[in-house]
Amino acid sequence: SIHKELEEKIARFHQREDAILYASCFDANAGIFEALLTPEDAVLSDELNHASIIDGIRLCKANKYRYKHMDMQDLEAKLQDAQKHRLRLVATDGAFSMDGDIAPLREICQLAQKYDALVFIDECHATGFLGPNGRGTDELLGVMDKVTIINSTLGKALGGAAGGYTTGPKPLIDLLRQRSRPYLFSNSLPPAVVGCASKALDLLMESNAIAQSMAAKTQRFRSKMTAAGFTISGKDHPICPVMLGDARLAAVMAEDMLSRGIYVIGFSYPVVPKGKARIRVQVSAVHSDEDIDRCVEAFTQVGRKHGALP
C-alpha cells in the first residue's frame, strides 16, 4: 500500500495521470524505450544525455537520431528526417548534470508540436528544487502541459539514496507495468526508502520554502565565486561546475578543499571532455549562508595557492 500511495503522490506532485516506481532512475531509463518504441518509430536524443538514457535507447529497436547539444536547428533537421517514422520521441535531460545547463524545453516542445512528436525528459537533476515549487524544468519553463513523459529519481533531492520512477499518461504507465523489464524482473523499493521519499514529497507540496531557498543559495554561491574570479558553468542550477581545464589541477584542488573540511569532487576525462576538467560543487538546502561563504573563501585560498587565481 505504501508503494501505491507513493506512486499516486508522485503523479500528483508532477500533475500527471499516473506513476510507476523502479529501483533507480537508471532502471526507469532502461525500461521505457524498449517497451514504448518499435522498429517503426524514432527516438531523437541530445548528444550529452545521461549514460542511462543512452543505454536505454540502445536497448530499443527504434531508429536513432542524435542531435547536437541543445541545438534546436539540428533537432528540427532531425525531426524533419524522422517524419517517415510512425512515432517520434524527443529525449533530453531537463538539467544536464556535468555542466549544470538547462534544456531549452520551450523550444523543444514547440518543435515537438510542429512535427507531431512526444517529449521525454530525465529530471534527476531538477526534481525537488528547480521551478517555483520544485517540480522541475517543465515547471521552471512553463511547459508542464507539453512534456509527455518524466523520469526521475528518489535518490537525490528527494533524499532516499535509491529509487526512481516514470510519470505520465496512464496508458503508458499501464504498458510499463506489463512490459518494462527492470520493473517486472527486480525487487520493489525497500519500505524505508518509500517512507523517506513520501515524506520529502509532503514537505515540497506543503510549502515552496525549500525550493525558494535553493534558488537563493545557488545565486549566492555562483555570484560570489564569479566575483572571486572563477568560471562557473551552467545557469542558475545548484550543480555548480568550477571550470579549471587541467585534470591534475582539479584533483589537487579538490584534495586541498577536503583537507579544509569541504567535500567537493574533481572531474576529468573520460567523465568530461579533455580540457574541460572541473570541480563540481552541489549546493544543498541544508547549507547555510555561512557554509556557502566559507566554501567560497576556501576556494579562493586554494585557487591562489595552486595558480588557478592570480
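This is a predicted model: local features need pLDDT of at least 70, side-chain atom pairs count only at pLDDT 80 or more; totals for chains, interfaces and linings use all residues.
The expected span of a helix is 1.5 Å times one less than its number of residues.

**Helix α2**
- Helix α2 comprises twelve residues, 25-36, and should therefore span 16 Å; its end C-alpha atoms lie 17 Å apart, which agrees.
- Nine of the twelve residues of α2 are buried, so the helix is mostly covered, given that buried means under 20% relative accessible area.
- Among the buried residues are C25, N29, F33 and L36.
- At the start of α2, the backbone nitrogen of F26 has a side-chain oxygen of S24 within 3.3 Å.

**Salt bridges of E7**
- E7 pairs with K4 in a salt bridge whose closest N and O atoms are 3.2 Å apart.
- E7 and K4 are three residues apart in helix α1, and therefore about one helical turn separates them.
- E7 is buried because its relative accessibility is 4%, whereas K4, at 44%, is partly exposed.
- E7 also forms a salt bridge with R177, with the closest N and O atoms 3.1 Å apart.
- This second pair links distant parts of the chain, since E7 is in helix α1 and R177 is in helix α7, 170 residues apart.
- R177 has 16% relative accessibility and so counts as buried.

**Salt bridge of D293 and R220**
- The closest N and O atoms of the salt bridge between D293 and R220 are 2.9 Å apart.
- D293 belongs to helix α12 and R220 to helix α10, so the pair ties together parts 73 residues apart in sequence.

**Record annotation**
- An unreviewed UniProt entry lists residues 2-299 as "domain: Aminotransferase class I/classII large".
- This span is 44% helix and 18% strand.

Key: Residues are numbered from 1 along each chain as its sequence is written. Side-chain values use heavy atoms; hydrogens and water are left out. Helices (H or I, at least four residues) and strands (E, at least two) are DSSP runs, numbered from the N terminus. Buried means under 20% relative accessible area, exposed over 50%, partly exposed in between (1.4 Å probe, protein chains only). A polar contact is a pair of N or O atoms within 3.5 Å; within protein, one must be able to donate a hydrogen and the other to accept it, and residues adjacent in sequence count only if both atoms are side-chain atoms. UniProt positions are given in the numbering used here, feature names are shortened, and annotations may be inferred rather than shown by experiment. A salt bridge is a side-chain nitrogen of Lys or Arg within 4 Å of a carboxyl oxygen of Asp or Glu.
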